[in-house]
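This report sets out selected features of a structure, from the contact between its chains to individual residues. The sequence and coordinates are shown first.

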Amino acid sequence: MDYVYTILILIGLFVILASSFDLVIGHCGLISIAHPIFYAIGAYVSAMLSKQSGMPVPLSILCGGVGALLASALVAVPALRVSGDYLLIASIGFQLGLIELAKHFHEIGGAGGLTNIPSFLIKDFGRETYVVLVLALAVVTVLFIRWLTQGPYGRMMTAMRDDELAFSMLGRNAIWIKVAVFAIGSGIAGIAGGLYAHYFRFLEPDQFGLLQSSAVLTMVVVGGMRTTMGPVIGAIVLQLMPQIITFFNLPPSILGPLQGLLFTGLVLFFMFVRPQGLLAAADLWVGHKPQGDAGHSGKEACS
Amino acid sequence: MSATLEIRGLCKSFGGIVVADSIDLDLVAGRVLGLIGPNGAGKTSLFNLVCGVVKPDAGLVMLDGQSFEGLPTYQRARMGLARTWQNLRLFPSLTVIDNLMLGPRAYSADRLVDVLFRPAQIRAHEAEARDRALDILERTGLSPIARSRVQDISFGQQKLVGVARALMNDARCLLLDEPMAGVEGQTYALIQKAVRDIAASGVAICVVEHNVAFIRDLCDEGVFMFAGKVLARGSVEQLIADPHLTELYFGT
C-alpha cells in the first residue's frame with residue numbers, strides 16, 4: 001500500500017509543479033526551464049529550518065515557498081530588465097550553479113544528500129493523511145491557476161504574450177508582470193518541494209537537475225500548454241508510465257534504457273503528431289463569463 | 001494657447017542615418033496636426049521617440065509641462081499619451097472588447113498583489129473598464145463586433161479598433177500612425193468622425209498619413225518633414241501648394 005501512496009504523492013507533487021510551470025512558461029510566455037531548482041530551494045529550506053531549528057513543519061514548508069519566491073526574483077529582475085531571452089540563460093545558470101554549490105556545501109548534506117529530515121503527519125496520522133494533504137494542495141493549485149489565468153490578470157498576460165510593445169503603450173508594466181508570475185510560480189514549486197522533503201526525508205542535489213527540468217517540461221507540453229487539465233494529465237501520464245513498465249518483469253538492463261527511450265519517444269511523437277499536446281488550448285482568451293453576458297462567442301457575434 | 005505636448009530639440013540618428021534633426025514641435029489641445037513627408041522622413045521615428053520606444057540622442061519631450069525624460073513607455077502612457085500603430089499591433093488572442101479593456105490608465109489588474117489581495121478594487125476597475133469599453137465601442141460604431149476576434153473583422157474595422165483601444169486611457173495626447181491607410185467607404189467616415197470627436201473633447205492629436213485627402217479633410221494644420229527635419233508648418237492647403245515641398249515629396 002505504501003507503494004501506491006508514494007505514487008499518489010509523486011503525482012500530486014508533479015501536478016503542482018507542472019501546473020505552476022505552465023503558468024510561467026505557457027500563460028506568461030517566460031522561457032525558463034529551471035523550475036525544479038525552486039522546487040529544490042523549497043525542499044532544502046524547509047528541511048533545514050525544521051531539522052536545525054526545530055521549526056514546525058507547516059511553517060517551514062511555507063518558508064520554503066517564500067524562499068523559492070524570493071530566489072526567483074534574484075534571477076528574474078536582472079534577466080528580465082535586459083530582455084526576456086536572458087531569462088533562459090540566467091535560470092539555467094542559476095539552476096546548475098546552485099546544484100554544484102549544494103554538492104560542496106556539507107552543512108546541507110553535500111553531494112551525498114541531506115538525510116533525517118523530520119517527517120510530518122505520517123507518524124501520528126498515517127500516510128493516508130499525507131496523501132490527502134498533497135492531493136488537496138494539488139487541487140487548490142490547479143484551481144488557483146485557473147482562477148488567475150481566466151480573470152483580468154489572465155487577460156493581461158495574454159495581451160503581453162501577444163505584443164509586449166503595444167501592451168506597454170497601454171500603460172501596462174510588462175516587466176513587473178513577468179517578475180510577479182515567475183515569483184508566484186516558483187513559490188508554488190517551493191511549497192511542493194517542502195512537501196517532498198518531509199515525505200521522502202532525503203534530498204540530494206542531483207535530483208533537481210536538467211533531467212527533472214525536461215520531465216516537467218514534457219508533462220506540460222504533452223498534456224497541453226495553457227489548459228487547466230493539460231499539465232494535470234501530463235503529470236499523471238508521465239508519473240504512471242515508468243511505473244507501469246516495471247510490471248513487465250523486464251531485466252534491469254533493458255528496463256532502465258527503455259524508460260529513457262519511452263520518454264524521448266513520447267516527446268518526439270507529440271512534437272510531430274500533436275504539437276498542441278493532449279488537450280489543445282483555445283487560441284482565443286475568453287476568461288470567466290461576466291454576469292448576464294453568457295452565451296456569446298466570437299463566431300456568433302461576427303456573423 | 002499653451003501646448004499639450006512640447007517637443008524641443010529632439011535628435012536621433014542610427015549610425016549615419018538621421019531620423020530626427022533637432023525637431024521642435026507643439027501639439028495643441030483640441031487640434032489635429034498632420035505629419036506629411038515622403039517615406040523615411042522620420043515621421044514614425046518621431047512617434048517612437050515621443051513614446052519612449054527609441055531613446056533620443058538629445059532633446060526632450062514634455063506632456064502638460066512634465067518631462068518624459070528617462071521614463072519607460074508604460075509610464076508615458078499612464079501620464080496621458082496614447083498611440084496607434086502603422087501595423088496595428090492588436091492582440092490576436094483577445095476579442096475586440098478584451099483588446100480595449102486593458103487600456104484604462106488606472107486599472108490595477110496588472111498588479112498581481114492587487115489581484116490577489118484587493119479583489120473588490122479589481123472588480124470595481126473591471127466594471128469601469130467594461131463600461132468605458134462598451135461606451136467607446138458604441139461611439140465608434142464597433143458594438144456589433146465587440147465579441148469578435150480581431151482577425152475575423154475587416155481591415156478597416158481593425159484600424160478602428162486600434163483607435164478605440166488608444167482612447168481607453170483617456171489620453172491628453174494621441175498619436176495616430178496611418179489610421180486611414182487601406183481603409184475605404186463607411187469605415188473611412190467612421191474613423192474621420194472618431195478623430196474629430198476626440199479632438200473636440202480637448203485632446204491634442206498628431207496624425208501620420210499618406211492619404212493627402214484625409215489630411216486635408218481632417219487636420220487643422222500640417223507639418224512637412226524631410227530627412228528628420230521639420231521643413232514647414234502651415235495649413236494643409238499651403239503645404240500641398242508649395243512646389244518645393246511637392247518636389248521633395250515626389251522626389252523628382
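## The interface between chains A and B

The structure is a predicted model. Chain A contributes 34 residues to the contact and chain B contributes 39 residues. The area buried between the two chains is about 3500 Å², and carbon and sulfur atoms give 64% of this area. On the side of chain A, Arg155(A), Met169(A) and Leu170(A) lose the most area to chain B, together 22% of what that side buries.

Between chain A and chain B there are 14 residue pairs in polar contact, both residues being at pLDDT 80 or more. Five elements of chain A, namely α6 (127–150), α7 (152–162), α8 (164–169), α9 (174–200) and α13 (298–302), each supply at least two residues of the side that touches chain B. The most comes from α7(A), with seven residues. By class, this side of chain A has 21 nonpolar, seven polar and six charged residues.

## Salt bridges across the interface

Five salt bridges are found across the interface of chain A and chain B. In one of them, Asp98(B) pairs with Arg155(A), and the closest N and O atoms are 2.9 Å apart. A network of salt bridges links Arg155(A), Asp98(B), Glu126(B) and Arg130(B).

Asp163(A) and Arg89(B) also meet through their side chains in a salt bridge, at 2.8 Å from N to O. This pair runs from the loop between α7 and α8 of chain A to the loop between β6 (81–83) and α3 (96–101) of chain B. Asp163(A) is buried at 11% relative accessibility, whereas Arg89(B) is partly exposed at 23%.

## Salt bridges within each chain

Over all chains the count comes to 25 salt bridges. Within chain A, Lys178(A) forms one with Glu164(A), with the closest N and O atoms 2.9 Å apart. Lys178(A) lies in helix α9 and Glu164(A) in helix α8, so the pair ties together parts that are 14 residues apart in sequence. Lys178(A) is buried, with a relative accessible area of 9%, while Glu164(A) is partly exposed at 33%.

Within chain B, Asp57(B) and Lys12(B) form a salt bridge whose closest N and O atoms are 3.6 Å apart. Asp57(B) is in the loop between α1 (43–51) and β4 (58–63) and Lys12(B) in strand β1 (residues 5–14), so parts 45 residues apart in sequence are tied together. Asp57(B) is partly exposed, with a relative accessible area of 47%, and Lys12(B) is buried at 13%.

Helix α2 of chain A (residues 35–53) has 19 residues and reaches 27 Å from first to last C-alpha, close to the 27 Å expected. Of its 19 residues, 14 are buried. Gly54(A), which follows α2(A), has a positive phi near 65 degrees.

Helix α10 of chain A (residues 210–223) has 14 residues and reaches 20 Å, close to the 20 Å expected. Its buried residues include Gln212(A), Val216(A) and Met219(A). The buried residues of α10(A) pack against α1 (2–27), α2, α4 (85–103), α11 (230–246) and α12 (252–273) of chain A. Gly224(A) follows α10(A) with a positive phi, near 125 degrees.

Gln239(A) is in helix α11 and is buried at 10% relative accessibility. Beyond its neighbours within four places in sequence, Gln239(A) is in contact with Leu10(A), Ile11(A), Phe14(A) and Met219(A).

Leu255(A), in helix α12 of chain A, is buried with a relative accessible area of 16%. The C-alpha atoms of Leu255(A) and Ile245(A) are separated by 7.7 Å, the two residues being ten residues apart along the chain.

Conventions
Residues are numbered from 1 along each chain as its sequence is written. Chains are lettered from A and ligands numbered from 1 in the order in which they are written. This is a predicted model: local features need pLDDT of at least 70, side-chain atom pairs count only at pLDDT 80 or more; totals for chains, interfaces and linings use all residues. Side-chain values use heavy atoms; hydrogens and water are left out. Contact means heavy atoms within 4.5 Å. Buried area is the accessible area (1.4 Å probe) that two parts lose on being put together, summed over both. A salt bridge is a side-chain nitrogen of Lys or Arg within 4 Å of a carboxyl oxygen of Asp or Glu. A polar contact is a pair of N or O atoms within 3.5 Å; within protein, one must be able to donate a hydrogen and the other to accept it, and residues adjacent in sequence count only if both atoms are side-chain atoms. Helices (H or I, at least four residues) and strands (E, at least two) are DSSP runs, numbered from the N terminus. Ala, Val, Leu, Ile, Met, Phe, Trp, Tyr, Cys and Pro count as nonpolar, Asp, Glu, Lys and Arg as charged, and the others, Gly among them, as polar. The expected span of a helix is 1.5 Å times one less than its number of residues. Buried means under 20% relative accessible area, exposed over 50%, partly exposed in between (1.4 Å probe, protein chains only).
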